[in-house]
Amino acid sequence: MKLKLHVWRQKDGNSPGQMVTYDAPDVSPDMSFLEMLDEVNEGLIAKGEEPIAFDHDCREGICGMCSLMINGEAHGPERGTTTCQLHMRKFKSGDEITIEPWRAHAFPIIKDLVTNRGAFDRIVAAGGFVSVRTGGTPDGNAIPISKEEADLSMDAAACIGCGACAAACPNASAMLFVGALVSKFKHLPQGQAERDRRVSNMVAQHDAEGFGNCRNVRECEAVCPKEISIRVIAETYRDYARAKLHGK
Ligand code: SF4
Ligand code: FES
């Protein structure tokens with residue numbers, strides 16, 4: 001396949017960026033999107049040019065590091081798929097592909113396509129954990145949890161913290177991410193002790209980081225590579241109201 005790539009290049013967060021066009025003349029349909037970029041970078045390095053910086057780690061759809069807007073869509077055109085699991089067979093020879101970094105004020109650009117997603121780490125640190133004593137593994141397994149509740153928790157726990165939800169939202173809201181954290185704990189007995197404090201602190205941190213409010217556009221749900229439902233946002237707002245009623 002022959003492709004033309006329009007890639008956002010930016011030296012650092014203080015320098016202006018620009019789109020730069022590259023030819024990718026020999027792309028295999030079996031390559032992943034990141035392998036295609038690896039090949040382009042090999043060519044740039046061979047010419048003595050600066051390779052394109054982009055984020056990645058596991059390349060198996062589990063770490064949440066890969067983060068590209070591809071033709072205006074977070075993680076590209078295939079539903080329920082991370083950028084690293086997107087294959088070039090989803091494109092046609094002759095296609096032009098625009099590649100940009102995540103778009104959100106709270107994800108500032110570090111270089112080219114790499115953004116700083118430390119805001120998500122700070123939201124997790126504000127409440128996305130269980131710190132009370134929950135016993136050992138046998139104790140956890142001894143507490144009966146209905147299949148329905150366990151499924152709701154596990155569905156939310158699929159979030160990999162990639163940030164696509166915020167990058168795709170016209171209001172740059174990260175409420176799908178916050179909601180996934182809230183929902184994964186609220187459906188388990190171990191999550192009850194800190195339930196009010198968790199949602200209050202995480203929503204406050206979400207706002208402090210500069211993410212916008214949810215307006216039910218549902219773009220987050222459409223681009224989420226783990227297909228997290230906006231049900232978790234409704235649960236978060238319900239839990240937030242409950243926390244305020246409890247004075248937390
Ligand atoms: S909710 Fe989905 S899109 Fe948002 S961070 Fe989690 S996995 Fe990524
Ligand atoms: S590189 Fe880990 S999810 Fe894509």
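**Note on the predicted model**

1. The side chains of Glu 194 and Ser 131 make a polar contact at 2.3 Å. The structure is a predicted model, and the distance of 2.3 Å is a computed value. Glu 194 lies in the loop that runs between α6 (175-186) and α7 (195-208). Its relative accessible area is 6%, so Glu 194 counts as buried, the cut-off being under 20%.

2. As to the overall picture, the protein has nine helices and seven strands. Its C-alpha trace spans about 60 × 35 × 30 Å along the principal axes. Of the 248 residues, 44% are buried.

3. Asp 26 sits in the loop between β2 (18-24) and α1 (33-46). With a relative accessible area of 62%, Asp 26 is exposed, because the class begins over 50%.

4. Two backbone angles deserve a look. Arg 59 is not a glycine, yet has a positive phi of about 55°. Arg 59 belongs to the loop between α1 and β3 (69-70) and is partly exposed, at 24% relative accessible area.

5. Asn 71, also a residue other than glycine, has a positive phi near 50°. The loop between β3 and β4 (73-74) holds Asn 71. Asn 71 is partly exposed, with a relative accessible area of 40%.

Note on methods
Residues are numbered from 1 along each chain as its sequence is written. Chains are lettered from A and ligands numbered from 1 in the order in which they are written. This is a predicted model: local features need pLDDT of at least 70, side-chain atom pairs count only at pLDDT 80 or more; totals for chains, interfaces and linings use all residues. Side-chain values use heavy atoms; hydrogens and water are left out. Helices (H or I, at least four residues) and strands (E, at least two) are DSSP runs, numbered from the N terminus. Buried means under 20% relative accessible area, exposed over 50%, partly exposed in between (1.4 Å probe, protein chains only). A polar contact is a pair of N or O atoms within 3.5 Å; within protein, one must be able to donate a hydrogen and the other to accept it, and residues adjacent in sequence count only if both atoms are side-chain atoms.
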